[in-house]
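Here is a short report on one protein model. Look at the sequence and the structure first, then read on.

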Amino acid sequence: MKKLSIAAALLAAIACGAAHADDYPDRPIRMLLPFSAGGGGDTLGRILAEQFAAELKQPVVVENKPGAGGTIGIAAVARSAPDGYTITIGGMTTHVLSPSVYKDLPYDPIKSFVSLGAIGNSAIMVIANNAFPADDIAGLRKLAESRQNPVQYGSWGIGSTGHFCGEVMVQKGDLKLQHVPYKGTTQVITDVIGGHVDLGFIDMATATPMLTQHKVKGLAVCTKRSPSVPDIRSYKEQGIDFDRDLNWAMYVPAGTPAAVVQRLSATLEKTLKNPAVAEKLLGLGITANYVPGPEHTKATVADIEAWKAVAKEAGITPQ
């Protein structure tokens, strides 16, 4: 009789869980973004939130929680209830680079989340003043060899994706470069145009309009060629043997029910296959490319190890 009661209880629990999954979502969903309002990550999140709301028939409310390279907001997601009503977008800094540098993050990039899938590959553009006497990595190498002082490059801070891409160029491209950290990409571009720093390593969403308006020129793309600026060659094409993807991805807290994860993953895949959405993302320098969660998670583990090796050789430490 006792065994029968336990079995009945288990069946009731399973039925209850299935009903919950069938009803999901039955209230608004929160998209907690670890980025400042108005930036590239915020714009990406709002594009996807609009599509998710239409597909799931529930409002998707965007909440910005920036700070500490995105780790504050991502940690808040990790602590949220694993019920499918908190989703987020992470990038290189939150799930690959910070774990490569920081030893005591308030979350585990793999264990604290379930990946709903990769959103797509972004890139970092290497820009220079239009009068800069080099047009590609080969020309940059010759210039660096002829100079007594190292060529300087700016990024939006120590440990940023731009900083890491600069160090990859140093390590894999045998170039003498000196990093100059800035507080943001706007200051980097201003100093590149003004000739106060030789190179800038800038995200595609910021760099693309500067290039199309011919305010700067592009020397290379870290790490893969981008359809946004198809004439500028990638690291790999210019002899730098390093071509890890720089992926954006969507996550929910670990422990979220499998049926809910499946529903959200399917929604993400459908959204990214929408040509109108893909075009909007391309305007941000993101090549839409859905990769299923398990496959993306496996790639993230490998990415962390690859970038950790770059950080170790470059001596990149938290500031």
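## Strands β5 and β9

A128 stands opposite K217 in β9. Strand β5 (residues 124–128) pairs with β9 in the antiparallel sense, over 5 bridges. Strands here are DSSP runs of E with at least two residues, helices are runs of H or I with at least four, and both are numbered from the N terminus. Two strands pair if DSSP finds at least two bridges between them.

The model is predicted: local features need pLDDT of at least 70, side-chain atom pairs count only at pLDDT 80 or more, and totals for chains, interfaces and linings use all residues. Residues are numbered from 1 along each chain as its sequence is written, and side-chain values use heavy atoms, without hydrogens and water.

Five strands form an open sheet in the order β7-β6-β8-β5-β9, with mixed pairing. Its edge strands are β7 (177–181) and β9, and each pairs on one side only.

Strands β6 and β7 run parallel, joined by 5 bridges. There, G154 stands opposite V180 in β7.

## The cores

The largest nonpolar core has 36 residues. Such a core is a set of buried Ala, Val, Leu, Ile, Met, Phe, Trp, Tyr and Cys residues joined through side-chain atoms within 4.5 Å. M169, L199, F201, Y235 and W307 touch the most other members. Helix α11 gives the largest share, 5 residues.

A second, separate core holds 31 residues, including L44, I47, F52 and I87.

Note on methods: Buried means under 20% relative accessible area, exposed over 50%, partly exposed in between (1.4 Å probe, protein chains only).
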